[in-house]
Amino acid sequence: MAKGYWIAHGDLINPDGYGEYTKQNGPVFAKFGARFVVRADRQIQAEGSTRSRTVVLEFEDYETAVACYNSTEYQRLVAIRAPHAHNDLIIVEGYDGSQPA
């Protein structure tokens, strides 16, 4: 079964305020089995445009990734985060098929 992913690009406006979001998100992510794959500021803009920070979270499957985002617990965290960061977030289904030879 293909995994589900959150891919987020963000710019921090107020790191101190954003810190409250990061302090509280662990239990929510643990409840949904999320695992950080990428959580870094170090990146190269190879094409297109993006923000200064990228985070990738892996979930057991796409449905769990969507359920986590839509949960009451996470939506409360969105309200905490929103004034302190500009974020773009997509939820995608991973690929579980054959690879090029």
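## Salt bridges

The count of salt bridges comes to five. The model is a predicted one. Side chains of opposite charge can pair when their charged atoms come close.

One of the bridges joins the side chains of Lys31 and Glu73, at 2.3 Å from N to O. Distant parts of the chain are linked here: Lys31 belongs to helix H1 and Glu73 to helix H3, 42 residues apart. Lys31 is exposed, at 54% relative accessible area. Glu73 is partly exposed, at 30%.

## Bridges among the strands

Arg35 and Glu58 also meet through their side chains in a salt bridge, 3.2 Å from N to O. Arg35 is partly exposed, with a relative accessible area of 46%. Glu58 is buried, with a value of 12%.

Asp88 pairs with Arg51, and their closest N and O atoms are 2.9 Å apart. Asp88 sits in strand E4 and Arg51 in the loop between E2 and E3, so this bridge ties together parts 37 residues apart in sequence. Asp88 is partly exposed at 39% relative accessibility. Arg51 is partly exposed at 24%. Shared partners join Asp11, Arg51 and Asp88 into one salt-bridge network.

## Aromatic pairs

Across the whole structure there are nine aromatic pairs. Among them, Phe29 and Phe36 have ring centres 5.8 Å apart and planes at 85°, so this pair is edge-to-face. The cut-off for that class is a plane angle over 60 degrees. Phe29 is buried, with a relative accessible area of 4%. Phe36 is partly exposed, at 29% relative accessibility.

Tyr69 and Tyr74 form a tilted pair, because their planes meet at 45°; their ring centres are 5.7 Å apart. Tyr69 is partly exposed at 24% relative accessibility. Tyr74 is buried at 1%. Ring pairs link Trp6, Tyr18, Tyr21, Phe29, Phe36, Phe59, Tyr69 and Tyr74 into a cluster.

## Charges over rings

Two arginines sit over rings of this cluster's members. Arg39 lies over the face of Phe36, 4.0 Å from the ring centre. The charged end of Arg81 is placed over the ring of Tyr21, at 5.5 Å from its centre.

## Helix H3

Helix H3 spans residues 72-81, and its residues Tyr74, Leu77, Val78 and Arg81 are buried. Viewed down the H3 axis, the buried residues fall within an arc of 110°, so they line one face of the helix. An α-helix has 3.6 residues a turn, so residues three or four places apart point the same way. Thr72 and Ala79 are exposed, on the face of H3 turned away from the buried side.

What do the buried residues of H3 pack against? Their partners are strand E1 (4-12), helix H1 (15-31), helix H2 (62-70) and strand E4 (85-93).

Tyr74 is buried in H3 and takes part in the tilted pair with Tyr69. Arg81 is buried in H3 too, and its charged end sits over Tyr21. Glu73 bridges to Lys31, which lies in helix H1.

Notes: Residues are numbered from 1 along each chain as its sequence is written. This is a predicted model: local features need pLDDT of at least 70, side-chain atom pairs count only at pLDDT 80 or more; totals for chains, interfaces and linings use all residues. Side-chain values use heavy atoms; hydrogens and water are left out. Rings of Phe, Tyr and Trp (its six-membered ring) pair if their centres lie within 6.5 Å; planes under 30 degrees apart count as stacked, over 60 as edge-to-face and the rest as tilted. Buried means under 20% relative accessible area, exposed over 50%, partly exposed in between (1.4 Å probe, protein chains only). A charge sits over a ring if NZ of Lys or CZ of Arg is within 6 Å of the ring centre and within 35 degrees of the ring normal. Helices (H or I, at least four residues) and strands (E, at least two) are DSSP runs, numbered from the N terminus. The arc is that of the directions from the helix axis to the C-beta atoms. Contact means heavy atoms within 4.5 Å. A salt bridge is a side-chain nitrogen of Lys or Arg within 4 Å of a carboxyl oxygen of Asp or Glu.
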